[in-house]
Amino acid sequence: MTIHLLEPPVLEPPVLAPMTWTDVGAVTDIPLRGARRVPTPSGDVAVFRTGDGGVFALIDRCPHKGGPLSQGIVHGRAVTCPLHAWNIDLATGQPMGADQGKGCAPVAPLRVEEGRILLGRPR
Amino acid sequence: MPAPPSRERLVVIGNGMAGCRAVQEVLRRDPDRYEIVIFGAEPRVNYDRIMLSPVLAGEKRFEDIVINDEAWYRDNGILLHSGVTVEAIDREARTVHAAGDLSVGYDRLILATGSDPVRLPLPGAELAGVVAFRDLDDVQAMVAAAGEGGQAVVIGGGLLGIEAAYGLVRRGMAATVVHLMDVLMERQLDASAGFLLEEALAARGVETVLGASSEQILGEDGRVTGLKLTDGRILPCSLLVMAVGIRPSTGLAKAAGLDVGRGVLVDDAMRTSDPHIFAVGECLEHRGQCYGLVAPIWDMCRTLAQTLTGDEGAYAGSVLSTRLKVSGVDVFSAGEFAGGEGCEDIVFRDAGRGVYKRVVLRQGRVAGAVLFGDAADGGWYFDLMRSGAEVGDIRETLIFGQAATEGLRGLDPSAAVAAMADQAEVCGCNGVCKGTITSAIAGQGLATLEAVRAATKASASCGACTPLVEKLLKLTLGDGFQAQTGPKSVCGCTGHGHDHVRRTIVEQGLKSMPAAMQALEWTTPDGCGSCRPALNYYLLCAWPGEYRDDKQSRFINERVHANIQKDGTYSVVPRMWGGLTSAAELRAIADVVDRFAIPTVKVTGGQRIDLLGVKKDDLPAVWADLNAAGMVSGHAYAKGLRTVKTCVGSDWCRFGTQDSTGLGVRLEKFMWGSWTPAKVKLGVSGCPRNCAEATCKDIGVVCVDSGYEIHVGGAAGLHIQGTELLTKVTTEQEAIWVICAVTQLYREEGWYLERIYKWMARVGLDHIRAQTEDPDSRRTLYDRFAFSQRFSRIDPWAERVAGRHAEEFTPMSRRMEFEPT
Ligand code: SRM
Ligand SMILES: Cc1cc2nc3c(=O)[nH]c(=O)nc-3n(C[C@H](O)[C@H](O)[C@H](O)COP(=O)(O)OP(=O)(O)OC[C@H]3O[C@@H](n4cnc5c(N)ncnc54)[C@H](O)[C@@H]3O)c2cc1C
Ligand code: SF4
Ligand code: FES
């Protein structure tokens, strides 16, 4: 039987504003379908890992009433806020479904290099 | 054939896939241009390295995989130094020096040294019986070891590791793949496909251990005897294969002073930083990219040959493709599936055929696909992906593949259905064609979806074809058809209701979340925040002691065993058995409050004390102090047993008829820790004055002179609901039996988040009574509850104080906590 397995294409790294990058740990430090927190002077950053291995970072504050998104259930590419169950798109920080358009949790600058997670701080 | 002196000499280092292919390409363009010399460290002719897997599996012999035999070298006037390693390049003198004092001058030099397998620097890595999987020598070593039978361990669950393990099993060994990540081939597969691969491998005798990191290779008398993992597990083995990756072989180039990054750096013409030296294959780095597959190598070889025969070639990088060579396992993976902005998944599962398909759309175009079990449409998705075509108008049928989509293109849905051939398959699960359905509708006078399901089995499994079957009903019956609704589905990820899901889990012995999602044909890759906690509970209830709780599918409160508050802090409620406490407990609580500056202490409506406003990182320390005073989690957060409210009863009260406090404590001590579909609260009152409010609890006991009245189905929250009297018993022991039996029946039948009163409204009090009054059925229910409790009465706080899930209570990193100075 013929089987094809195509590797994910290599994406050009996006052009980024000047940043200082900090290594905050390995991708595998986050459970699959889970999240971890990284405290910063302006509040926690939530770093998520989806079931298919994607890594995303958002400011850890739900656009609804500030719930800590890092404590929610991660499914697909979304997280359900632990306080009132809004679903937030991990890639954009936007609420999904009925709550679409009601604010957003800002996306935090993130790079993944050789299994390490780097968070950016604007210079 | 003496070379005419005018010919330039082309020297190739590396007699592998790239080196020889480059020579072939040069010869094809200009056979007489160069005098060619090839050095190969391996003592053999050029062979197809990717076919080493079938050689290992005994499906092919070495002779079958030779690409160029000795005659080829002879006929093309190529001088092959096989078994000779080049040791240095003198760029000044344009000469290569090889083992055995051999020096050969060059006009042009090609580096095609491939890569070296990565060897983990584990203690014991030098033991005999530890091998890599790269060349024929490795394969021969593995085949020899397999001849002795025994157990092999393969570190690395990527393509190579899986093929190695599969090959070894075919050779008669038992093989286990140990993988660092939680998903096999995680770079190509998502968790669902990875799970199916795991199952397919298990069916072929290959075991997998995921999420495991290796600590040490154990040995005796210089030979490997096992692998020790960091969690302490030891996997015994007589052969250990490391298949953890490759590293471009750049030593020669580096020593010669060429520019080297991860690989030997080349430009678009495949030229290194020395204009006389070129590189092809895995040893190079081009535009920041190293390659580990042959398809790009063929592209590189064409470009290099162009450059070497006069035209400046231009290589622009390649789209990668490879095959998993495990017989009967049909897998396809392309593009991205870890998505990003605006991505959308379409998922199709066919449990009967073991098929899982997932197509990822981004802004209306195919961005990636993972197919398992049926990869026939892989090429089509790949073409759609590469061409970036808009697929909005074929979205509905996209997942069913090219044939279905093209068959229906351009037709409006009803016309499309009308136009379908009678032989066209409508229900993939049960293989039912359109003709079978329409003739059943007409011939047997069927009028409803249910009737069609019963008569033909169409739409009776995954339900994906339900809209199609409904259209056929409409088409055949005209306006006589009315769409109907079936049982409410668990959530948007599935068409199945809770009962069906629970039954299937038990009947088919499904013991993990991916297994359940596949067998029940979930339409999303990993469920949602609604169905995952439900499935987790159903699995836990069905397989006590066996199913491993999935903490990522727990709502935060149950994941961290505390209640989240509006400001992200937590509340902590220790158990006070039956509402009893003591000076020592109160003192310990007071000390904890002081020590952790807990802002609010409150008596709850459930007869215990709530400590509110605890910081998440402090939770384990708070619990440790409470544990030290003998207190355990009160599960104030759980879909499980909460409180057992009691009154003072016959011990003190002048009206008390029985020891209600004692019974409450006994019930709580036996039932605590149990997980249930929704929360369960008990109350035990010492007389019909009912000071413990037993008749508005999920299960309540009202003590009377002659015994114990057992009431069920009360609530006093969103709905005020008095209980119904279930039964009356004469002894305390019987009361405990009945209560545990009712609880177990509810555990086994309740839908997730359905409280006892709702369950009772659905199944009827008579049903509950019949099951719990009959001594046999009561006994077996009680026994099942007691068995499950053996694994549940464990204080989750103490486990976490001891370090379980420590990562949950600490930030990932504190390196960004303060402003940089
Ligand atoms: C702490 C407490 C209030 C208090 O300060 O007294 C409380 C607090 C909460 N209750 Fe309650 N309930 C508390 C006793 C009650 C009672 C009284 C009782 O148990 O005797 C009731 C009515 C009886 C009943 O359950 O039928 C009650 C009916 C509810 C309901 C409605 C349930 C229903 O099915 O109608 C909810 C909502 C839910 O569970 O979905 C709820 C939910 C909640 C939650 C968990 C809300 C939430 O999801 O976060 C509150 C958590 C606060 C926290 O973090 O501790 N609470 N709640 C009481 C804790 C009892 C305990 O020791 O475990
Ligand atoms: C078991 C296995 C299965 C694979 N399956 C697939 C697959 O299904 N699909 C796919 O696309 N790819 C697969 N690959 C990868 C593929 O084989 C490689 O990408 C390809 O062989 C690389 O070609 P290369 O010429 O760069 O390196 P190689 O084929 O490794 O050739 C390099 C040669 O150079 C020699 N050499 C190195 N240094 C010197 C020196 N100093 N002097 C003399 N000689 C030297 C080496 O001995 C070696 O023979 C597989 C690989 C393995 C090991
Ligand atoms: S009554 Fe409402 S506000 Fe009060 S504790 Fe219960 S859920 Fe919270
Ligand atoms: S704070 Fe997140 S849903 Fe309300």
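## Where chain B meets chain A

Across the interface of chain B and chain A, 18 residue pairs are found in polar contact, both residues of each pair being at pLDDT 80 or more; a polar contact is a pair of N or O atoms within 3.5 Å, where within protein one atom must be able to donate a hydrogen and the other to accept it, and where residues adjacent in sequence count only if both atoms are side-chain atoms. Helices (H or I, at least four residues) and strands (E, at least two) are DSSP runs, numbered from the N terminus.

This is a predicted model, in which local features need pLDDT of at least 70 and side-chain atom pairs count only at pLDDT 80 or more, while totals for chains, interfaces and linings use all residues. Residues are numbered from 1 along each chain as its sequence is written, chains are lettered from A and ligands numbered from 1 in the order in which they are written, and side-chain values use heavy atoms, with hydrogens and water left out.

The contact (heavy atoms within 4.5 Å) takes 71 residues from chain B and 52 residues from chain A. Together the two chains bury about 5200 Å², 58% of it on carbon and sulfur atoms, where buried area is the accessible area (1.4 Å probe) that two parts lose on being put together, summed over both. In chain B, the residues that lose the most area to chain A are B:Gln552, B:Met812 and B:Met816, which together account for 17% of what that side buries.

## Salt bridges between and within the chains

Side chains of opposite charge can pair when their charged atoms come close. A salt bridge is counted when a side-chain nitrogen of Lys or Arg lies within 4 Å of a carboxyl oxygen of Asp or Glu, and by this rule there are 55 salt bridges over all chains, with 5 salt bridges between chain B and chain A. A:Arg49 pairs in this way with B:Asp182, their closest N and O atoms being 3.1 Å apart, and a network of salt bridges links A:Asp52, A:Arg77, B:Asp190, B:Asp345 and B:Arg358.

Inside chain B, the side chains of B:Glu558 and B:Arg554 meet in a salt bridge (2.7 Å, N to O). B:Glu558 is buried, with a relative accessible area of 6%, and B:Arg554 also counts as buried, at 7%; buried means under 20% relative accessible area, exposed over 50%, and partly exposed in between (1.4 Å probe, protein chains only). In another pair, B:Arg762 forms a salt bridge with B:Glu754 at 2.9 Å between the closest N and O atoms, and here B:Arg762 is partly exposed at 30% relative accessibility, whereas B:Glu754 is buried at 9%.

## Chain A, a chain of strands

Chain A has 0 helices and 10 strands, and buried residues make up 54% of its 123 residues. Among the contacts in chain A with a separation of 6 or more, 42% join residues 24 or more positions apart.

Which residue forms a salt bridge with A:Arg116? The partner is A:Asp23, at 3.0 Å from N to O. Because A:Arg116 lies in strand β10 (residues 116-122) and A:Asp23 in strand β2 (residues 19-26), the pair ties together parts of chain A that are 93 residues apart in sequence. A:Arg116 is partly exposed, with a relative accessible area of 36%, and A:Asp23 is partly exposed as well, at 22%.

Chain B is divided into five parts, namely domain 1 (8-116 + 248-308), domain 2 (119-244), domain 3 (324-480), domain 4 (498-554) and domain 5 (640-794), with bounds that come from an automatic or database domain assignment. The C-alpha centres of domain 2 and domain 3 of chain B lie 38 Å apart, and 17 residues of domain 2 are in contact with 15 residues of domain 3. Between them, these two domains bury about 1300 Å², 68% of it on carbon and sulfur atoms.

The rule finds 1 salt bridge across this interface of domain 2 and domain 3, and B:Arg358 and B:Asp190 meet in a salt bridge at 2.7 Å from N to O.

## A largely enclosed helix

Helix α23 (residues 660-671) of chain B is largely enclosed by the rest of the structure, because 9 of its 12 residues are buried. What covers these buried residues includes β33 (641-646), β34 (680-685) and α24 (732-749) of chain B.
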